[in-house]
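Subject: Handing over the structure

Hello,

Please find the structure below. My notes on what was found in it follow.

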Amino acid sequence: MSFQFLEAFYLIIPWALFCSIIFMNQHLAVTWLIKHVSPRFLANFTRYSRTKLVLHIILVFLAGLCLIWALAGPYASGNIKHKGDSRNVFFIIDSSYSMEARDSYLLSKSALHTMSRFESAKEILIELVDELKEDKIGIITFSGSSMIHATPTYDHVSIKSLLKNLTLHSLEGTGSRFSNPMQDLIHVAEFKPDGYLAIILSDGEPMPLKQDYTEELETLETIGMPIYTIGLGTKVGASVSLPDPEDVYNGDPVPKIVKVIKTYRKPRILKEISDTTDARYYELEGGTWVQDVARNLKNV
């Protein structure tokens, strides 16, 4: 058993002190009542006996330990037996602020409901992990910059846990520069040559609007790395409120809204990427299901 946030266990110290203070105060009160009140009338003042008080405090302390345990993010890892024809699959998620728009309709094992594009992307990929049991899977997120969270691994339990805990990039790194994750893919392929394919989930909205990723795309085409793309969001689009970065940085619970933007699904770049690398573009809201995507990936 491993934990994502080991520092959460430091909370045991203040929790133990808090329970100790409560116990001492209650113990003094119960002791005073037992000493000064007739047993016949004691039930009118308290339901505690010394034994019940101890048991109650122990239960409260254990309940707090369970919450701290959950906050620490426990997860299990292990070795998975695999076949020799397994592949390296990179999940690439657009983490720009436009992905906060709530116009994504999830068509998967879950019930149909509206959610943010980013949350929908994570749910789709969690389901794809279950479909691609024999493949190694890695994760990259990108906005104005990109980040490799995991290189391809058979530890699907950790990958699913990582996906669940992913968040959007900061407002300082917003925008969607598609060249950045492509450079990451090229770097990984050069460092460790192997069979790779990638899946980009994005609304396809570039920021800045004019981008040059021709060289990266040609390199990926040359090395034969197919990049499948999934367009999220809708044509009619949705509005996203941009909070004040300074308020967000300072942890203001209700940051000021500095701008409201309209964001749309724009498939041009996504289609160009998939067409150039001999892959395919999908829009799940159009009747295509996650299982259909997985079926095509298995046939690659």
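How much of the protein do buried residues make up? Of its 300 residues, 44% are buried, where buried means under 20% relative accessible area, exposed means over 50%, and partly exposed is in between (1.4 Å probe, protein chains only).

Before the details, some ground rules. This is a predicted model, in which local features need pLDDT of at least 70 and side-chain atom pairs count only at pLDDT 80 or more, while totals for chains, interfaces and linings use all residues. Residues are numbered from 1 along each chain as its sequence is written, and side-chain values use heavy atoms, with hydrogens and water left out.

Overall make-up

The protein has nine helices and 12 strands. Helices (H or I, at least four residues) and strands (E, at least two) are DSSP runs, numbered from the N terminus. Among the contacts with a separation of 6 or more, 75% are between residues 24 or more positions apart; contact means heavy atoms within 4.5 Å.

The sheet

An open sheet is formed by six strands in the order β7-β6-β3-β8-β9-β12, with mixed pairing. Two strands pair if DSSP finds at least two bridges between them. At the edges are β7 and β12, each of which pairs on one side only. Helix α8 packs on the sheet and touches β8, β9 and β12; its direction makes about 160° with that of β9. Axes are lines fitted to C-alpha atoms, for helices over the stretch in contact, and angles run from 0 to 180 degrees between N-to-C directions.

Strands β6 (residues 136–142) and β7 (residues 146–153) run antiparallel and are joined by five bridges. I140 is opposite I148 of β7, and a hairpin of three residues links β6 to β7. G144 is in the loop between these two strands, β6 and β7, and is partly exposed at a relative accessible area of 24%. In sequence G144 and G175 are 31 residues apart, but their C-alpha atoms are 4.7 Å apart in space.

The other pair is parallel: β8 (residues 196–202) and β9 (residues 227–231) share five bridges. There, L201 has I230 in β9 as its bridge partner.

Helix packing

Two packed helices are described by the angle between their axes and the distance between the axes.

Helices α1 (residues 12–36) and α2 (residues 50–71) have axes that come within 10 Å and cross at roughly 165°. The two helices α1 and α2 are therefore roughly antiparallel; angles under 35 degrees count as roughly parallel, over 145 as roughly antiparallel, 65 to 115 as roughly perpendicular and the rest as oblique. On the α1 side the contact includes W15, F23 and I34, and on the α2 side it includes L53, F61 and I68. By class, this contact of α1 with α2 has 15 nonpolar, four polar and one charged residues. Here Ala, Val, Leu, Ile, Met, Phe, Trp, Tyr, Cys and Pro count as nonpolar, Asp, Glu, Lys and Arg as charged, and the others, Gly among them, as polar.

For α5 (residues 179–191) and α6 (residues 214–223), the axes come within 9 Å and cross at roughly 35°. Among the residues that meet are M182, L185 and I186 in α5 and L217, L220 and I223 in α6. The contact of α5 with α6 divides into seven nonpolar, three polar and one charged residues.

Helices α3 (residues 117–131) and α9 (residues 290–298) pack with their axes 10 Å apart at an angle of about 45°, which makes α3 oblique to α9. I124, E127, L128 and E131 of α3 make the contact with V290, Q291, A294, L297 and K298 of α9. These residues of α3 and α9 divide into five nonpolar, one polar and three charged.

Two loop residues

Y264 is in the loop between β11 (257–263) and α8 and counts as partly exposed, at 30% relative accessibility. Leaving out residues up to four places away in sequence, Y264 touches R117, D203, E205, T234, K235, V236 and G237. Of these, D203 is 61 residues from Y264 in sequence and 7.0 Å from Y264 in space, C-alpha to C-alpha.

D278 is in the loop between α8 (268–276) and β12 (281–282). Its relative accessibility is 68%, so D278 counts as exposed. Most residues other than glycine have a negative phi. The phi of D278 is positive, near 60°.

Regards
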